[in-house]
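I opened this entry to record what I looked up in the structure. The notes follow the sequence and the coordinates.

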Amino acid sequence: MFDSVLVANRGEIARRIIRTVKGMGLRAVAVHSEADADLPFVSEADDAVLLGPAGPAQSYLDAGKVIDAARATEAQAIHPGYGFLAENAAFARAVTDAGLVWIGPDPDAIERMGDKINARNLMESAGVPVAAGTREPVTDQAEALEAAARIGYPVMVKAAGGGGGIGMGVARDDASLVKAFEQASRAAARFGDNPAILLERYIERARHVEVQILGLADGTVVALGERDCSVQRRHQKVAEESPSPGVSPGLRERMLAAAVRAGEAVGYRGAGTVECLVDADAQDFVFLEMNTRLQVEHPVTELVTGLDLVELQIRIAAGEVFPVAAAPPRGHAIEFRVYAEDPKRFFPGPGKIDVWEEPAGEGVRVDSGYVAGNTVTPFYDPLMAKLCVHGATREEALARGRTAVAAFRLAGPKHNLPFCAELLDHPEFVSGDYDTGLVARMRQA
Amino acid sequence: MAEVHAEMVANVWKIVVSEGDAVEEGDTLVILESMKMEIPVLAEDAGTVAQLKVAEGDVVQEGDLIAVIE
C-alpha cells in the first residue's frame, strides 16, 4: 500500500475522500483554486497545494499542475473524485506515466466508455440491452433527421462525450430535433473535444436506475445493488435512493447480472456505475451509459451495504486482493442533493454562507463541502452538500428525511431545501411510483 | 427605457447584441454562466440597445446593470 493520496477535486467529494484517506492512516493531499482556499477540504488535508485561479481550466482541469502538485508533496497516488479529470483517460495515463498510482479504472476502460456511441455498441455486443439508436456519430442535420425518422420520435439527442446532462435534449418532431441537434453540437464543441452526436429512442415515463459495480484486483466484477436516480431537473439528479422502489426482484437480478457483464466486457477495475433506463410498467431496462468513476450518490449504496467505496477503491488500486460479497440491501437509504439554487426554477444562487447547521442523529449522514462563513462561488457546480438518510424501511427513511431537512439550517445562498421538503411530501414520491418527469410535473402544477 | 439587471452572481460568457442594435421582446442580449449553467438574459421589451454595461469575461453580482433598452 502507498502511504499518501492526492485528491484532485474540490468541495464535498474532496472532503469525503480525504476523510477515508486519513482514516486508513494515509497522508491526504488537497489541491485547490484561489477561490476555494478557505473551504474545509483544504484545511482538513495534511497538505494542500494551490493550483491557480478560480477558473477550472487554470486549476482543477490542469492535468500538468495536478501532477506537479503530487510530485512536490511526494504523494504516491491520485484520487480524481468525480467530474473534472475523473473520466479523462489522458490524465489517467499521465498519472501512471509519472510513476504514480491512479485510483480508478484502466485508462482504456475510461476511453471505451467515455464515448457514448462506443459504449452503446460495446454493451450491445456484450449482451446488455440498449435502446434503438445510432451506431455511428451523427455529423449533420440531414443525418440527424434521417436517423430520427428511422428510430421514431421521441428521440434523445446527446453529445457522445458529454456528461452531467450537458447538451442533452428531447426531440418530438423534426423542428425540435433541429434545435436539439444544434444545442448538442454547440455543447459538444464547448465542453469537450468530442464533436460526435448520437440519437436514441427516448423512453417516456422511464426511471433512471443505475447499478454500482466494483471490479476487484483479481478481475472479478461484483454488483452492489442499484440506485434510483429518477428525481431530476435539467437531466441532473436531485435525489437518489436505494433500493429502487420501481424495480422488482426479478428485474433487479437481470440488471445486476447485466451490469456485471458490462464491467467484465471492459475489464473493469475499481468502482463504476452502469446507468440504465427502466420502463417500470414493462419491468424492462436498457443501458444508458457507464460512469467510470465514483458517483456523486455513492453514499446511498454505502448506507445499505455498510461498505466504504472509497476505501475499496484505494485498496483495489493498491493491488490488494480481497473478496466482496454481493448481499441484499440492509434497509433503505435516500440522498438529497443540497444545491445552491432557487427551489422554484432551480436557477443558480451562489453567495456567502451566513448560517450552516447540519442535521445529525440516527440514520443521518451529511457529506458537505462548506461551513458557515464560506462563500459558494459561481465557478463550479452548485452542489453544497448531500443529505443522506437511512432507515429499516423506506417509510422510516422518508420520515428521517423530513426531520433532517427541517433541521438543516442554511442561510445566505439560495438553496433547494424547500424543494427537498416539498418532494418528501409529494404523493408521487412518497408512493415510490415516480419517474424522471416528476420534478417537471411538480413545477407545472 | 428599461434596465436589465443580473439575477445572480455569474460570469458573462457571451455578448449577443451590440449597442445600437434593435431587439424584440424575448431576444437574448447576453448569456451568463453560473455554476456550469448557461443563463440567457432576455430583453423584456422591444427597443434599441442604448447601453451595454458588461463585457465577456466580467463577473456580475446580483442586481448589477447589464443593459439599457430604449
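**Domains of chain A**

I began with the domain assignment of chain A, which gives domain 1 (4-103), domain 2 (132-201) and domain 3 (207-444). I note that the model is predicted.

I then looked up the pair formed by domain 1 and domain 3 of chain A. Their C-alpha centres lie 23 Å apart. I found 26 residues of domain 1 of chain A in contact with 24 residues of domain 3 of chain A. On the domain 1 side, α1 (11-23), α2 (40-44) and β5 (101-102) of chain A each supply at least two residues. The most comes from α1(A), with 6 residues. I sorted this side of domain 1 by class and recorded 16 nonpolar, 4 polar and 6 charged residues.

**Contact between the chains**

Next I turned to chain B. I recorded 10 residues of chain B in contact with 10 residues of chain A. On the side of chain B that touches chain A, β2 (10-15) and β5 (37-42) of chain B each supply at least two residues. By class, I listed 6 nonpolar, 2 polar and 2 charged residues on that side of chain B.

**Sheet in chain B**

Last, I traced an open sheet of 4 strands in chain B, with the order β1-β8-β6-β3 and antiparallel pairing. Its edge strands are β1 (2-5) and β3 (22-23) of chain B, each of which pairs on one side only. I looked up the antiparallel strands β6 (residues 47-52) and β8 (residues 65-69) of chain B and found 3 bridges joining them. For Leu52(B), I noted Ala67(B) in β8(B) as the bridge partner.

Key:
Residues numbered from 1 in each chain as written. Chains lettered and ligands numbered in written order. Predicted model: local features only at pLDDT ≥ 70, side-chain atom pairs only at ≥ 80, totals over all residues. Pairing = 2+ DSSP bridges. Contact = placed C-beta atoms within 7 Å. Nonpolar A, V, L, I, M, F, W, Y, C, P; charged D, E, K, R; others polar. Domains from an automatic or database assignment.
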